[in-house]
Amino acid sequence: SAERVLKQGDIVGLDFGVILDGYYGDAAVTVGVGQISKQAQQLLDVTRGCLEDGIREARGLVNALDPLAFEVAGKEMAEKLRGRVPVIYTSMRYMYVAYNWKIKLNETGKIPAFYNVLPEMNHNEMNGFDVKDMSRSLSEKFFFIVIKSFDDDPRIVKRMDTMVKLYRDRGLEVEVLELTGGTVLENMFRCLLVADWTSVYVADMYGLEAEQVPMIEEFKRMIA
């Protein structure tokens, strides 16, 4: 572009997306421009190695995880979210699981949804839900989903348990999802499959179309 000209030694991320006959494809690759530094090459090599390790483990889950096995859990969660705005909490370790729950509920479910992580939210956000008579109506629409894993730091688990008690003592609805057993990746995919089904059933519950994103497409046309 006129603002940025690539030069020798740069690292460039290339991201490609294709929509064809209802299939959504996405691919990305990071490459060096010409001769790059040893540190930059080491970064690319290590991240590629991590990606390949993750892909190998994910392939092993293809036969281990049946998406249909999580449909009932997703449908039940969707019903609990009827008329509510979900807020998803996790440890930093599972931050991107919470983030994916949020974006699935936004894009597929077509509802507002938010997320945060512990311990950060213990320093600020939770105080916004210290329900008082004059502000009770602001909190009544929220539904909290706490994702707790067997491999979370015990100090974070203590914070989660304490926060859940404080929220419930104030009349707030909280659902705790326990991730038990298996590998970290297996736990993540199990949880995200529930999120997928939840989002689909949320959209159906409100009579909305789950696949398309008309507002985003309108936004893209307006800034083009």
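**Exercise 1.** Determine in which helix Leu 51 is placed, and whether Leu 51 is buried or exposed.

*Solution.* Leu 51 belongs to helix α1, residues 38-60. Helices are DSSP runs of H or I with at least four residues, strands are runs of E with at least two, and both are numbered from the N terminus. The structure is a predicted model, in which local features need pLDDT of at least 70, side-chain atom pairs count only at pLDDT 80 or more, and totals for chains, interfaces and linings use all residues. Residues are numbered from 1 along each chain as its sequence is written, and side-chain values use heavy atoms, with hydrogens and water left out. Next, apply the accessibility classes: buried means under 20% relative accessible area, exposed over 50%, and partly exposed in between, with a 1.4 Å probe and protein chains only. Leu 51 has 52% relative accessibility and therefore counts as exposed.

**Exercise 2.** State how many strands the open sheet has and in what order they lie.

*Solution.* The open sheet has four strands, in the order β4-β3-β5-β6, and the pairing is parallel. Two strands pair if DSSP finds at least two bridges between them. β4 and β6 (173-179) are the edge strands, since each pairs on one side only. Neighbouring strands of this sheet are turned by 20° against each other on average, direction ignored. Axes are lines fitted to C-alpha atoms, for helices over the stretch in contact, and angles run from 0 to 180 degrees between N-to-C directions.

Strand β5 (residues 142-149) is joined to β6 by seven bridges, and the two run parallel. Within this pair, Phe 144 has Val 174 in β6 as its bridge partner. Helix α3 packs on the sheet and touches β3 (85-91), β4, β5 and β6; contact means heavy atoms within 4.5 Å. The direction of α3 makes about 165° with that of β3.

**Exercise 3.** Describe where Asn 116 lies and which residue its side chain meets in a polar contact.

*Solution.* Asn 116 lies in strand β4. With 14% relative accessibility, Asn 116 counts as buried. The side chain of Asn 116 makes a polar contact with the side chain of Glu 125, at 2.7 Å. A polar contact is a pair of N or O atoms within 3.5 Å; within protein, one must be able to donate a hydrogen and the other to accept it, and residues adjacent in sequence count only if both atoms are side-chain atoms. Not counting residues up to four places away in sequence, Asn 116 touches Ile 88, Tyr 89, Thr 90, Met 121 and Glu 125.
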